[in-house]
Amino acid sequence: MDVLVARNLTCVKQDRTLFSELDVTLRAGELVHLTGPNGAGKTSLLRILSGLSLPESGLVQVHSNSQSDVPLLYLGHKLAQNKHLSAIENLTYWTALHRVNPSLDELYEVLARYELVGLEDLPTGQLSAGQQRRVSLARTQLVDTSLWILDEPYTSLDVSGIAFIQARVDEFVAQGGCVIMTSHQALLSSHQVKELALEYRI
């Protein structure tokens, strides 16, 4: 099943064409590694696919098979956290925005799974960069959706943290989810990884 279909995408930034007439098809149970040098348009493409930005031309269609009203989950390379609020408070605010209503116990369980036991009620600004990243990525467990769009999710994570998040990605894909993500390193996945490469254009 096609989860997302994009046709003839063209993106122009500051009078430079990052990519043109680009077709992207994302299917259920697929892991896509978006690669390319800095400035090639990886983040711009992810934002277009997520609906946060409009292309110069082209069309994006999302076909979600989830039971919720959330067709996809986009997590950018920025944390999107209020560092004065705790992990629990940040997740509570985020889930409310998405009209998701987990119980407080469920939020604590998710943060425990992400190895944040004892840190749930501290301001996230007091956590390490890797712990803050885990708080952000814990959102993947709180919404029912068919597609994850992840921009550099491994930033600030150590080797064990990267392996942990890759395992969560693999679980989602095994359940029929689709993931497109950027990473400066190879994806050590148990699934076949499809590569989508962008080139830098002058």
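Colleague: How many residues are in the largest nonpolar core, and which have the most contacts inside it?

Modeller: In this predicted model, the largest nonpolar core holds 34 residues, and those with the most contacts inside it are Tyr114, Ile165, Val169 and Val179.

Colleague: Which elements give two or more residues to this core?

Modeller: Helices H2 (87-97), H3 (104-113), H4 (129-137) and H5 (159-174) each give two or more residues to this core, as do strands E5 (73-75), E6 (147-150) and E7 (178-182). The largest share, six residues, comes from H5.

Colleague: And what is Ile165 in contact with, leaving aside neighbours within four places in sequence?

Modeller: With those neighbours left aside, Ile165 is in contact with Tyr114, Leu137, Tyr154 and Leu157. Another core, of 24 residues, lies apart from the largest one, and among its residues are Phe19, Val32, Leu45 and Ile48.

Colleague: Switching to the sheet, what is the order of its three strands?

Modeller: It is an open sheet with the order E2-E1-E4 and antiparallel pairing, in which strand E2 (16-27) and strand E4 (57-62) are the edge strands, each pairing on one side only. From one strand to the next, the twist averages 15°.

Colleague: Over how many bridges do E1 and E4 pair?

Modeller: Strand E1, residues 2-13, pairs with E4 over five bridges in the antiparallel sense, and the bridge partner of Ala6 in E4 is Val60.

Colleague: Which helix packs on the sheet?

Modeller: Helix H1, residues 42-50, packs on the sheet and touches E1, E2 and E4, with its direction making about 130° with that of E1.

Notes
Residues are numbered from 1 along each chain as its sequence is written. This is a predicted model: local features need pLDDT of at least 70, side-chain atom pairs count only at pLDDT 80 or more; totals for chains, interfaces and linings use all residues. Side-chain values use heavy atoms; hydrogens and water are left out. A nonpolar core is a set of buried Ala, Val, Leu, Ile, Met, Phe, Trp, Tyr and Cys residues joined through side-chain atoms within 4.5 Å. Buried means under 20% relative accessible area, exposed over 50%, partly exposed in between (1.4 Å probe, protein chains only). Helices (H or I, at least four residues) and strands (E, at least two) are DSSP runs, numbered from the N terminus. Contact means heavy atoms within 4.5 Å. Two strands pair if DSSP finds at least two bridges between them. Axes are lines fitted to C-alpha atoms, for helices over the stretch in contact, and angles run from 0 to 180 degrees between N-to-C directions.
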